[in-house]
Amino acid sequence: IATDGELGASDFTLDLAQQLRYAGPWGQGFAEPAFDGEFALDSWRVVGERHLKLKLRQSDGGELLDAIAFGAYAGEPPPSHLRAVYSLDVNEWNGRLSLQLLIRHLEAA
């Protein structure tokens with residue numbers, strides 16, 4: 001999977017996610033930026049029967065990061081240490097904006 005590379009701990013910000021959201025238009029021939037990295041799984045839960053809501057931490061430390069992987073739940077827990085391809089996303093919930101990783105692909109690391 002082709003990505004734009006890894007992000008450093010200081011790049012996981014709501015500000016950068018908002019900048020990327022409005023830097024488009026993204027679409028055919030102009031793909032939305034995707035990043036990759038290794039993470040430790042802090043916690044997880046299933047939402048809507050098939051989606052995984054995750055709390056991740058970069059392998060080298062850093063803050064906990066919220067993430068969601070749509071359609072990724074297949075009846076088994078995700079790996080405790082994983083490699084993911086993701087986009088930075090802005091989660092809007094109850095009038096509050098927060099950073100969220102939108103997981104495109106994940107596998108055991």
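Trainee: What should I keep in mind before I start?

Mentor: It's a predicted model, so local features need pLDDT of at least 70 and side-chain atom pairs count only at pLDDT 80 or more, while totals for chains, interfaces and linings use all residues. Residues are numbered from 1 along each chain as its sequence is written, and side-chain values use heavy atoms, with hydrogens and water left out.

Trainee: Okay, how much space lies in the largest pocket?

Mentor: General idea: on a 1 Å grid over the protein atoms alone, a pocket is an open set of points where a 1.4 Å probe fits, with protein on both sides within 12 Å along at least five of seven lines; lining residues have an atom within 4 Å of a point. Points are joined across faces, edges and corners, and the volume is the space filled by probe spheres set on them. Here, the largest pocket holds about 280 Å³.

Trainee: Which residues lie nearest its centre?

Mentor: Arg45, Lys53, Asn91, Trp93 and Gln100, out of a lining of 13 residues. Strands here are DSSP runs of E, at least two residues, and helices are runs of H or I, at least four, numbered from the N terminus. β1 (35-47), β2 (51-58), β3 (64-69), β4 (81-93) and β5 (96-108) each supply at least two lining residues, and β5 gives the most, with four.

Trainee: And what lines the second largest pocket?

Mentor: That pocket has a volume of about 160 Å³. Its lining includes Ala9, Phe12, Gln58 and Leu99, and β3 is the top contributor with three residues.

Trainee: Switching topic, how many salt bridges does the whole structure have?

Mentor: A salt bridge is a side-chain nitrogen of Lys or Arg within 4 Å of a carboxyl oxygen of Asp or Glu. The search finds five. In one of them, Arg21 meets Glu92 at 2.8 Å, N to O. Arg21 lies in helix α1 (residues 14-22) and Glu92 in strand β4, so this pair ties together parts 71 residues apart in sequence.

Trainee: Which residues are linked in a network of salt bridges?

Mentor: Asp36, Glu38 and Arg83. Asp36 meets Arg83 at 2.6 Å, N to O, with Asp36 in β1 and Arg83 in β4, 47 residues apart. Glu38 pairs with Arg83 at 3.5 Å, N to O.

Trainee: Is Asp36 buried or exposed?

Mentor: Buried means under 20% relative accessible area, exposed over 50%, partly exposed in between (1.4 Å probe, protein chains only). Asp36 is buried at 13%, while Arg83 is partly exposed at 27% and Glu38 is partly exposed at 34%.
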